[in-house]
Amino acid sequence: MTESTPEDIGVLDFAVREHRSLWLDAWRRLISSNTARLGMFIVGVFILSAVLAHYFWKYDAKTDLDYSLKLKPPNLVATEKIKSIHPFGTDKLGRDIFRRTVHGGWNSLRVGIVAVGISLFVGGLLGLLAGFYESINITYLERIFLMGLTGLFLGSLSAWIAGQPIQALLFTGLGVISVLLSNFLAGKNTRLVLFAGIGLLLGAGPALLVGPLVAVVCGFLGIIVGAILSMPMGGRLFSNIVMRLMDIILSFPGYLLAIAIVAFLGPGLEKGMIAIGVVGIPVYARLARSAVLSVIQKEYILAAQSVGEAHGRIIFRYIFPNILSPIIVQTTMGLANAILSAAALGFLGLGAIPPEAEWGAMLGDSYRYLTSGAWWAVLYPGLAIMLSVLGFNLLGDGLRDALDPKLRI
Amino acid sequence: MEPLLKIKNLKTRFHTEDGIVNAVNGVSYSMDAGEILGVVGESGCGKSVHALSIMRLIPCPPGNIESGEVWLDDRDLLKISEAEMRHVRGAEIAMVFQDPMTSLNPVYTVGFQITEALMLHKNIDKLEARERARELLTLVGIPEAKKRLDNYPHQFSGGMRQRAMIAMALSCEPRLLIADEPTTALDVTIQAQIIDLVVRLQDQLGMAVMWITHNLGVVAELAHKINVMYAGYIIERGDTGDIYKRTRHPYTMGLLGSLPRLDEAPGTKLISIPGLPPDLVALPKGCPFYARCTYRVGQCLEEMPPLVEADGKEHTVACWRWDTLQGGLRDDG
């Protein structure tokens with residue numbers, strides 16, 4: 001038997017363990033799974049067709065109209081009666097369903113990406129900050145920043161009702177002042193009364209220009225905001241305010257809230273994006289916060305602090321990359337959900353404005369003709385919705401398996 | 001000589017739902033430059049919390065440093081701003097933690113994390129930092145340091161991760177290294193290697209080391225001085241020889257009695273200290289060790305004994321009956 005020196009073992013150790021990063025590992029696991037590959041394929045086909053159609057196969061929905069081709073069944077060869085080819089048939093206005101389905105994909109994907117982008121950015125950031133400041137000592141500057149943010153956040157509701165954007169800024173200022181004065185006004189009750197009073201003035205004052213009723217509502221809101229701002233700001237208070245707001249949003253049924261927001265903003269694809277995005281915010285906020293709370297207890301965060309890293313760097317360089325996996329999975333699943341929501345809004349006539357091509361709107365346009373035998377007008381957009389949602393869900397499942405920390409070796 | 005670190009009456013509390021936890025109750029001592037100090041005690045006796053208080057890394061809320069002073073040179077670390085404190089952390093005082101499995105960030109390479117720490121406090125560019133990181137990894141005994149820089153923590157074994165952690169902590173040449181149970185999660189052979197490593201580095205770099213552990217055997221080998229902590233108090237403090245051979249406090253005697261000895265006859269039973277440490281939420285008025293002490297007298301229940309000198313200036317003990325008690329290991333032990 002030959003003796004091995006520690007150097008040999010070191011070399012062997014290095015040779016066995018191939019050098020690769022966590023993300024590369026995850027990618028390999030992802031492409032080795034059949035479901036994920038199928039999901040990627042479906043999603044890829046939809047994205048590719050939508051992008052290609054948008055840039056190279058221009059379509060103007062407003063001029064697309066041909067009553068002579070009304071509700072023709074799918075045909076793959078041109079005949080004397082129907083000169084053009086319609087692989088998916090035509091709808092009630094004689095429009096080619098294939099073309100509209102492909103272009104609808106562009107709209108649906110756009111809604112999905114923008115809506116999820118809104119939820120992810122706002123929700124993720126709020127959750128990240130809430131989770132971080134809940135468990136870490138905050139510095140004076142951060143206190144000012146958070147309190148200002150809280151003021152802006154809470155004040156914007158009253159500012160919105162009164163139609164006076166300046167109010168939101170005033171409340172932001174109140175939040176900052178609250179921190180600056182925290183050493184001078186120590187008496188808890190004096191502070192509370194003082195800030196509630198200032199809140200009343202800030203809320204009701206600008207709103208009086210609009211009307212007495214608005215002034216009453218805004219004054220009431222102002223008192224509450226002022227009272228909250230008078231509290232000694234700790235990370236926990238900030239986290240509580242954010243998460244309770246998320247609970248309020250979550251307490252509404254998702255579709256109902258989206259419909260209410262669209263009804264308020266007016267129909268249109270962009271408004272639909274905002275509505276679906278807002279409804280999705282709490283999901284990401286909760287997910288991000290819970291992930292932060294579990295990551296922040298790891299010793300490498302303490303180690304980062306003990307070498308003197310600043311809070312901002314700890315958040316974005318140490319915590320953020322470590323909470324990415326659940327967020328990536330949720331985002332992929334969320335895309336499916338957003339596409340479905342967009343279709344639902346479109347179906348109800350609240351999303352895309354006709355004659356714009358959008359899957360939900362196409363369904364809503366054509367379901368009445370199902371009884372007269374025009375199955376193709378409903379089948380293809382429906383199939384597109386189903387397949388794209390399936391594709392994103394399969395991909396999400398695959399990502400979840402690939403990114404599962406328990407599988408990391 | 002002016003001491004490196006001077007701690008006066010440090011008190012740390014945690015405000016929890018169950019009440020106020022008195023984790024550190026007025027700890028005072030000083031450390032010289034280049035000194036190795038062992039801090040020993042049972043779990044939950046305030047060893048780690050007092051170290052984190054020095055670094056001001058106690059999560060607040062629920063934790064709070066109620067009072068005290070921590071002097072490093074002419075600065076009170078508890079009074080300076082958070083921004084100044086950030087420069088102290090890493091550059092002047094660095095820390096190594098217990099669990100090497102979670103103390104490195106899994107999403108970055110080891111080299112990245114060391115260069116990151118370097119560039120934070122030193123005005124050097126990336127290439128220099130990388131070269132320095134390689135030197136550091138070699139210094140802590142990692143073979144093929146250059147290749148290892150590009151490895152992720154999961155490609156390192158536990159002992160190697162702890163070495164990498166030490167390299168990271170040493171990166172800015174701190175004057176004090178706080179090692180919070182750095183060998184607890186490692187097996188015995190690796191423990192010995194890490195202890196040798198720290199002793200060697202301490203010798204080479206001349207920094208002071210605070211070694212926190214519950215293992216009396218570990219500190220006996222390496223420490224110059226030892227603080228024995230119990231329920232948030234230092235109950236005995238002195239040179240390593242004094243603590244082990246001229247033990248004055250019944251608790252320290254109990255700890256030593258519970259260690260297995262090579263020179264004892266086979267079959268000798270280990271003596272354990274009966275009972276549990278007191279609840280830190282409701283500390284007794286008198287000595288916290290009263291309930292478990294075999295030498296207790298009435299006064300112990302009434303009043304916490306102050307830390308007084310026994311056997312000269314360097315050996316202090318907090319016990320009313322220190323002058324009647326003497327124990328410890330035999331000289332040949």
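**View 1. The contact between chains A and B.** In this predicted model, 28 residues of chain A are in contact with 34 residues of chain B, two residues being in contact if their C-beta atoms, placed from the backbone, lie within 7 Å. On the side of chain A that touches chain B, the elements giving two or more residues are α1 (6-16), α12 and α13 of chain A, and α12(A) gives the most, with six residues. Helices (H or I, at least four residues) and strands (E, at least two) are DSSP runs, numbered from the N terminus. The residues on this side of chain A divide into 10 nonpolar, 11 polar and seven charged, where Ala, Val, Leu, Ile, Met, Phe, Trp, Tyr, Cys and Pro count as nonpolar, Asp, Glu, Lys and Arg as charged, and the others, Gly among them, as polar.

**View 2. Helix α12 of chain A and its surroundings.** Because six of the eight residues of α12(A) (residues 299-306) are buried, this helix is largely enclosed by the rest of the structure; a residue is buried if 20 or more other C-beta atoms lie within 10 Å of its own, with C-beta atoms placed from the backbone. The buried residues of α12(A) pack against α13 (311-347) of chain A together with α1 (47-55), β6 (93-96) and α6 (158-170) of chain B.

**View 3. An open sheet in chain B.** Four strands of chain B form an open, antiparallel sheet in the order β2-β1-β4-β5, strands being paired if DSSP finds at least two bridges between them.

**Notes.** Residues are numbered from 1 along each chain as its sequence is written, and chains are lettered from A in the order in which they are written. In this predicted model, local features need pLDDT of at least 70, side-chain atom pairs count only at pLDDT 80 or more, and totals for chains, interfaces and linings use all residues.

Terms used. Buried ≥ 20, exposed ≤ 12 C-beta atoms within 10 Å, placed from the backbone.
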